[in-house]
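Here are my notes after going through the model. They are meant to be read with the structure open beside you.

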Amino acid sequence: MSSHVPTSAATSSAQVSERTTAAPARPGRRRRRGGSRPVTRRSERFAGLLFVAPLVAMLAVFALLPLGRVVYYAFTRYDGLTPARWVGLENFKFLLEWHDFWRILLNNVVLIAGIVVWVAVPFTIAIVIFGQRRAPLVRTVLLLPALLPPIIIGGVFRLLLADKGPLNETLRSIGLGALAQPWLADDKLVLLSVIGVIGWATAGTGVMLYSAGLSTLSESYVEAAVLDGANWRQLVWHIYRPALRPVTRFWTLLLTVGTVTVFFPWIYGLTQGGPGIASTTLDYQVYISGIQDGRLGLGSAIAVVGIFLIVVLLLAQYAASRVRRAAEWTS
Amino acid sequence: MNARIGLRRPLPALVMGLCTLAVVLPLLWVVRVALKPTDDYIGDPGSFGGGWTLENFGHAWSNGGIGDALFNSLRIVPLGAVLATVLATLAGYGLSKMLFPGRRFVFGIAVATMTLPLAALVIPLFDEGLRLGYVDSRFGLSLIYATLFAPWGTLFLASYFRGLPDELLESAQVDGAGTLRAFWSIAVPLALPAIATVLILNVFLQWSELILALVMLPDSSKQTITVAIAQFSGQFRTGGPLTAAGMIMAAAPVMVVFLLGQRWLRAGVTAGAVKG
């Protein structure tokens, strides 16, 4: 919701439907063999280049060049004023021995594990409310948070979850004072609170995607299972879960590139990384070390670790889907 | 469907009720706090009671800098969103309807940029920006946004253009139209709903962006609306009502864009969905 990729409703649903109807992943490849492309005359090879040239030029200046630089800086000591000095692996050695860094890395892993919640909750809600008369209205209401910038959602929940805020006060007033917690001030609880808030913000999009998936589902599966005496839990696990797997895969990917790549505004808005470093993420620490403390080399090294983590996560998701597909083929 | 599988009636109703409350109550609470005199709030931040006032909005606007920040965001975001959409439309068309050497490479860098954490680019962009002079330049930030928010739109529009029948473009060329003409007079009008979707979502994404805005515009007179909100909570620790009023004003423009663009968005979605 916060990054340079929309986690928001419109594109996602379009893309999901595209996926479920099996659009070829590699564009044009197949057609090229068919040879019926109208716009591929020799002179127009260059026209094609011209169409992509503006994007490529801009990406080169504002994405690829900076990417090269951040990798280079990761191996230097650099304060932004005096020239960068090559120090080899020193920054990474420092990170390995820096106790706080392991906590920061762990924080990231815990928040990434939040994906399970961000997927499971909308999945369940979508199934439970599917087909109800008022479901469209509820789905629209659930989408409201998707329109709000993360920094604002963070602000909203800082008001709500404050020590003497409305949530705790309500709990106390109805005799559940024992459940009142320092939601954002306790170093064990804070990450769960962050996961909850991000879940609140993303649930509507997830519910919408799963509902779109459900509506394309053939009812005969469900009917057959019911005839065989499947109970609700079995139905969800053995029918809905596999049938909605394309949606789950897409939604997980969207959460990965849309939310996991940019925890920064959530953390900044909710906790500023605290208490202590209990909710500091890699990208927040890039900002603290690299920009606020002026240690551009160290900050870059942390950024490189962050890129590495995303790449590993995407590869894992890719591998998981490949393995599953292979298993489906062989069974 | 659920009735048939023996899911008892109260459960769906209960879930729908809880979902609605879970979304509506927090938002209502913010509105309530924004309308509360600061003194009443500090005394009892967890109660719905207390007086009612509108002056928080005025304070947030002028003293809190929300007014200036809105103006800054309005100078940065629409331009950035339009540029991103132009880049995405051109590149999306090129990638889907034309063959040229290096096409897969272009595809690759678009995907790579999309998956790159924004924080990873912040340090080199700041450093480079200091040298080339686009730090503290609102136009510079527009260009950065235009670039980093173009790749997803490119992929989205490429998949849309791919769905347009080649025969259409072919017939235009038979009639003597050049490549540009086929693009401009046929492909673009047909893809308008999808292009509008990209534009609207870009407005929203760029409006929400924080880390680049925070780093690239250190001069506080140039800060964007998200940065203003971020600073707000720091400056006015006790000022729940001011923060709440500021947040409402910050969210209002995006809400308006969405209300106005809803019809277009829906058209974009259905068109994208039918496309296949």
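Predicted model: local features only at pLDDT ≥ 70, side-chain atom pairs only at ≥ 80, totals over all residues.

1. Overall make-up of chain A. The chain has 15 helices and two strands. Of its 331 residues, 46% count as buried.

2. The contact between the chains. Chain A puts 98 residues into it and chain B puts 99. On the chain B side, the top contributor is helix H14 (residues 240–275), with 15 residues.

3. Helix H6 of chain A. This helix runs over residues 135–143, and A:Val138, A:Arg139 and A:Leu142 are buried in it. Why do they fall on the same side of H6(A)? Because they cover an arc of only 100° around the axis. A:Pro136 and A:Leu137, on the other side of H6(A), are exposed. The cover over the buried residues comes from both chains: it includes helix H5 (99–129) and helix H9 (190–215) of chain A, and helix H1 (10–34) of chain B.

4. Helix H9 of chain A. How many of the 26 residues of H9(A) are buried? The count is 20, so H9(A) is largely enclosed by the rest of the structure. Its length checks out too: at 1.5 Å a residue the helix should span 38 Å, and its end C-alpha atoms are 37 Å apart, which agrees. Do look at A:Thr202, though, where H9(A) bends by about 45°.

5. A:Val128 sits in helix H5 of chain A. It counts as buried because it has 21 C-beta neighbours inside 10 Å, and the cut-off for buried is 20 or more. Setting aside neighbours within four places in sequence, A:Val128 is in contact with B:Leu11, B:Pro12 and B:Val15. Within its own chain, A:Val128 is 108 residues from A:Val236 along the sequence, with 9.9 Å between their C-alpha atoms.

6. A:Tyr221 in helix H10. The helix covers residues 219–227 of chain A. With 15 other C-beta atoms within 10 Å, A:Tyr221 is partly exposed. Not counting residues up to four places away in sequence, A:Tyr221 touches A:Ile239 and A:Ala243. A:Phe130 is 91 residues away along the chain, and its C-alpha atom is 16 Å from that of A:Tyr221.

7. The loop between H13 and H14 of chain A. I'd go through this loop residue by residue. The peptide bond from A:Gly274 to A:Pro275 is cis, with omega near 0°, and A:Pro275 belongs to the loop between helix H13 (264–270) and helix H14 (282–292). A:Gln272 is in that loop between H13 and H14 as well. A:Gln272 has 18 C-beta neighbours inside 10 Å and so counts as partly exposed.

8. A positive phi in chain B. B:Asp136 is not a glycine, yet its phi is positive, near 70°. Where is it? B:Asp136 is in the loop between helix H6 (118–132) and helix H7 (138–148) of chain B. Its 15 C-beta neighbours inside 10 Å make it partly exposed.

9. An exposed glycine. A:Gly175 lies in the loop between helix H8 (166–173) and H9 of chain A. A:Gly175 has 8 other C-beta atoms within 10 Å, so it is exposed. Between A:Gly175 and A:Leu65, 110 residues apart along the chain, the C-alpha separation is 59 Å.

10. The nonpolar core. The largest one has 177 residues, and those with the most contacts inside it are A:Phe264, B:Leu87, B:Val122, B:Leu157 and B:Ile211. To see one of these in its setting, take B:Leu157. Beyond its neighbours within four places in sequence, the contacts of B:Leu157 include B:Ala88, B:Thr89 and B:Gly92, as well as B:Ala191, B:Ala194, B:Ile195 and B:Val198.

Note on methods. Residues numbered from 1 in each chain as written. Chains lettered and ligands numbered in written order. Contact = placed C-beta atoms within 7 Å. Helix = DSSP H or I, 4+ residues; strand = E, 2+ residues; numbered from the N terminus. Buried ≥ 20, exposed ≤ 12 C-beta atoms within 10 Å, placed from the backbone. Arc of directions from axis to C-beta. Expected span 1.5 Å × (residues − 1). Bend = angle between axes of the 7 residues up to and from the residue. Core = buried A, V, L, I, M, F, W, Y, C linked by C-beta atoms within 7 Å.
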